[in-house]
Amino acid sequence: MPNMENAKILIMSTNGFEQSELEYPLEHLKQAGATVHVATPDGNSIKGWDNGDWGASVEADLKISDVKVDDYIALVLPGGQINPDILRVNKEAVQLVRDFVTGDKIVAAICHAPWLLIEADVIKGREATSYHSIRTDMENAGAKWKDSEIAIDNGIITSRSPEDLEAFVSKIIEEVREGEHHRDSANAA
């Protein structure tokens, strides 16, 4: 059973992330003992979206194209409307999500970030949740959508909104302690 002190977790984001949905996991996963890196499309810092306006910046550790999936046990995808909408048309970002899922890694997406799970074609047949406004998108992609603070399906964690952050991060920590989640290839690709 892995412990948090040995865990390396990646947060992938770009400009327009919901401020709390990146900062809260970053802070609390580090406090739990994990090494947490932030990957952005160009490896530069990114600016959040906070209460209807641009928020604080977060420093990046690396470019998405430089990520080595095998270095990490989990991928965290913050939401907001802007960030995942930009990333879901970024081929490297979508491929990275797919690689984490097919590599039996933990993937955690909150709010609008499940759009990336849709784009990576890894949500079909899975129990999942999201921000209510993308429920139809999730269901059209084949997700078994439910309205709850957390939905989990074999190491793929989804959550609805900033109000669910405490439960979201607690579930990430629990899943990291369980280790990799071997998935049926039919559900992973």
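Trainee: How far apart do the end C-alpha atoms of residues 8-175 lie, and what share of the span is helix and strand?
Mentor: Those end C-alpha atoms are 13 Å apart, and the span is 32% helix and 28% strand. Helices (H or I, at least four residues) and strands (E, at least two) are DSSP runs, numbered from the N terminus. Keep in mind that this is a predicted model, where local features need pLDDT of at least 70, side-chain atom pairs count only at pLDDT 80 or more, and totals for chains, interfaces and linings use all residues. Residues are numbered from 1 along each chain as its sequence is written, and side-chain values use heavy atoms, with hydrogens and water left out.

Trainee: Which UniProt annotation covers residues 8-175?
Mentor: The unreviewed UniProt entry gives "domain: DJ-1/PfpI" for residues 8-175. UniProt positions follow the numbering used here, feature names are shortened, and annotations may be inferred rather than shown by experiment.

Trainee: And how many helices and strands does the protein chain have?
Mentor: Seven helices and twelve strands.

Trainee: What about buried residues, what percentage of the protein chain do they make up?
Mentor: They make up 52% of the 189 residues. Buried means under 20% relative accessible area, exposed over 50%, and partly exposed in between (1.4 Å probe, protein chains only).

Trainee: Let's zoom in. Where does Leu87 lie, and is Leu87 buried or exposed?
Mentor: Leu87 is part of helix H2 (residues 82-87), and at 0% relative accessibility Leu87 counts as buried.

Trainee: What is Leu87 in contact with, leaving aside its neighbours within four places in sequence?
Mentor: Its contacts (heavy atoms within 4.5 Å) include Met12, Ser13, Pro41, Ile64 and Leu116. Ser13 is 74 residues away along the chain, yet the C-alpha atoms of Leu87 and Ser13 are separated by 7.5 Å.

Trainee: New topic: what is phi of Asp121 near?
Mentor: Phi of Asp121 is near 60 degrees, a positive value in a residue other than glycine. Most residues other than glycine have a negative phi. Asp121 sits in the loop between helix H4 (114-119) and strand E9 (127-128), and is partly exposed, with a relative accessible area of 46%.

Trainee: Where is Asn154 found, and what is phi there?
Mentor: Asn154 is in the loop between strand E11 (150-153) and strand E12 (156-159). Phi of Asn154 is positive too, near 50 degrees, and Asn154 is partly exposed at 33% relative accessible area.
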